[in-house]
Amino acid sequence: MGPVFPHLHVITDARRGREPLTVVAAAIAAARRLDGCHRLAVQVRVEDDVSDRDAYELAGAVLELCRPHGVWCLVNDRLHVALAVGADGGHVGAADLPVAVARKVLGPTSVLGATCRDAAGARAARRAGASYLGVGPAFATTTKTGLPSPLGPGAVGAVAAAVPDTPIVAIGGVTAGNARSLIGAGAAAVAVVGAVAAASDPARATEDLLRVLA
Ligand SMILES: Cc1ncc(COP(=O)(O)OP(=O)(O)O)c(N)n1
Ligand SMILES: Cc1ncsc1CCOP(=O)(O)O
Ligand SMILES: [Mg+2]
């Protein structure tokens, strides 16, 4: 069997007052209970006003939790932090380094995700070296402001159809209740912030998501 692309990407919520490491530990514990660590990835995402030092400390601590269990650790935006801690890869969007530059920075074998919203953007990101594409917002979300209108499963599926060799990770407003509609439309995976980080029981929330994605 070839390597499995993780079905669930849990993204940290590092806003003040949150406990990202507790949430990541709970998500990994849930994946372990289901024998599903290969199906989980964790993306370290911090707010723009967080210092590189704090981002580095958090990414290093997340990597320490992930690595023993083979859970991918990706770093959003800050590729120098990804390299510094030895993460599995990074994720870039329109305000970050261009995809081709990000590929050069990370090297040929790292995982590189790129945000896109339509077929042309997806093909361009793929050509530039992205190994997966983050597509969203799939549904309405309050976690990030200033986003365009939600795409819905149909438009996510249209992006997936344009790049059949590349995994699509649907993001934005994803819950255990709507995740299957995205997979059914052609997404390979979903990424969540609030569905796990804001849950009263993040381990249970991870388990619910992994079960519906199975
Ligand atoms: C899996 C995944 N998809 C999309 C994004 C969004 O990235 P970006 O557009 O650069 O926005 P920020 O997350 O940096 O605010 C993502 N992080 N992960
Ligand atoms: C970073 C990002 N990019 C598009 S939607 C989103 C936030 C997703 O958060 P949530 O899963 O809480 O809707
Ligand atoms: Mg970004």
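In this predicted model, a side-chain N or O atom of Thr143 is 2.4 Å from an oxygen atom of ligand 2. That is a polar contact (a pair of N or O atoms within 3.5 Å). The backbone contributes too. A backbone N or O atom of Gly173 lies 2.7 Å from an oxygen atom of ligand 2, and one of Gly194 lies 2.8 Å from an oxygen atom of the ligand. The protein covers 90% of the 370 Å² of accessible area that ligand 2 has on its own (Shrake-Rupley method, 1.4 Å probe).

Other residues around ligand 2 include Arg45, Thr141, Lys144, Leu147 and Ile171; each has a heavy atom within 4 Å of the ligand.

Now turn to the metal. The magnesium ion, ligand 3, is coordinated by Asp77 (OD) and Asp96 (OD), at 2.0 to 2.1 Å. Donors are N, O and S atoms within 2.8 Å of the metal (3.2 Å for Na, K and Ca); water is not among the atoms, so the site may look incomplete. The two aspartates are 19 residues apart and link distant parts of the chain. Asp77 is in the loop between strand S3 (72-76) and helix H3 (79-85). Asp96 is in the loop between strand S4 (89-92) and helix H4 (99-106). Helices are DSSP runs (H or I) of at least four residues, and strands (E) of at least two.

Asp77 has 25% relative accessibility, so it counts as partly exposed. Asp96 has 23%, so it is also partly exposed. The class lies between buried (under 20%) and exposed (over 50%), with a 1.4 Å probe and protein chains only.

Residues are numbered from 1 along each chain, chains are lettered from A and ligands numbered from 1 as written. Local features need pLDDT of at least 70, side-chain atom pairs count only at pLDDT 80 or more, totals for chains, interfaces and linings use all residues, and side-chain values use heavy atoms, without hydrogens and water.

Note on methods: Polar contact = N/O pair within 3.5 Å; in protein donor to acceptor, adjacent residues only side chain to side chain.
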